[in-house]
Amino acid sequence: MAIYIALGSNLGDKENNLKEALRRLTKKGITVCRVSGFISTAPYGVVDQPDFLNAVAEIETDKSPAELLQILLQTEREMGRKRVRRWGERNIDLDLLLYDDRIIELPELKVPHPDMQNRDFVLRPLVQIAPHMVHPVLKKTVEQLWKEMQDRGKEKT
Ligand SMILES: Nc1ncnc2c1ncn2[C@@H]1O[C@H](COP(=O)(O)OP(=O)(O)OP(=O)(O)O)[C@@H](O)[C@H]1O
Ligand SMILES: Nc1nc2c(c(=O)[nH]1)N=C(CO)CN2
């Protein structure tokens, strides 16, 4: 099993923002095992904003999901997380996608990330590094979720 986090940026030096976030996580004792490619993606949710640069990282840590979330939020704060509006422009966004087969439903922490199966900017990098990872709620692999999302998109056209 493994732990996956999503990284995103659409303000400033996007590529350097993602790399700096990964460096900071490493300095906090998080082992970054694999990183997807950095992909440019159209904004999801609030569309009148710059394209994002997104990636997904597979990590290892002995921290609990709640402790890991705090590390992600602390890293965003350290990097001067500027968030203009919900789902809007930000220099760095770190989301906890999957933590082994854990299912967590707390006001401040939901794992798996509740919208990941609808997010091209999450599934596209995630399928690069973890196509066979099973979503513990949907009971489908990342590859299956990716294909289903693409088929939904085709239905719309
Ligand atoms: N799996 C998770 N990963 C990261 N944050 C989470 C998660 N589940 C719940 N949260 C909570 O979401 C709060 C708001 O996060 P944020 O401001 O980054 O939302 P957003 O990125 O704009 O929207 P989204 O959460 O849909 O990506 C965080 O303070 C955190 O407590
Ligand atoms: N393409 C893309 N769109 C987004 C992103 C993101 O990282 N990439 N993050 C958001 C906040 O959760 C909202 N919309």
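Biologist: Which residues touch the most other members of the largest nonpolar core?

Modeller: This is a predicted model. Its largest nonpolar core has 24 residues. β1, α1 (14–27), β4, α2, β5 and β7 each give two or more residues to this core. The residues that touch the most other members are I5, L7, I59, L68 and L96.

Biologist: What does L96 touch, not counting residues up to four places away in sequence?

Modeller: Contact here means heavy atoms within 4.5 Å. On that basis, L96 touches I3, Y4, I5, P65, L68, L72, L109, K110, V111 and H113.

Biologist: Why is helix α3 largely enclosed by the rest of the structure?

Modeller: Helix α3 covers residues 120–129. Seven of its 10 residues are buried, so the helix is largely enclosed. The buried ones are F121, V122, L123, P125, L126, V127 and I129.

Biologist: Which element gives the most to the lining of the largest pocket?

Modeller: The pocket holds about 710 Å³ of space. Elements giving two or more residues to its lining are β1 (3–9), β4 (52–60), α2 (65–78), β5 (93–99) and β7 (109–111). With four residues, the one that gives the most is β5.

Biologist: Which lining residues lie nearest the centre of the largest pocket?

Modeller: The lining has 30 residues. By class, 15 are nonpolar, four polar and 11 charged. Nearest the centre lie R86, D93, D95, H113 and R119.

Note on methods
Residues are numbered from 1 along each chain as its sequence is written. Chains are lettered from A and ligands numbered from 1 in the order in which they are written. This is a predicted model: local features need pLDDT of at least 70, side-chain atom pairs count only at pLDDT 80 or more; totals for chains, interfaces and linings use all residues. Side-chain values use heavy atoms; hydrogens and water are left out. On a 1 Å grid over the protein atoms alone, a cavity is a set of points where a 1.4 Å probe fits but cannot get out, and a pocket is an open set with protein on both sides within 12 Å along at least five of seven lines; lining residues have an atom within 4 Å of a point. Grid points are joined across faces, edges and corners, and a volume is the space filled by probe spheres set on the points. Ala, Val, Leu, Ile, Met, Phe, Trp, Tyr, Cys and Pro count as nonpolar, Asp, Glu, Lys and Arg as charged, and the others, Gly among them, as polar. Buried means under 20% relative accessible area, exposed over 50%, partly exposed in between (1.4 Å probe, protein chains only). A nonpolar core is a set of buried Ala, Val, Leu, Ile, Met, Phe, Trp, Tyr and Cys residues joined through side-chain atoms within 4.5 Å.
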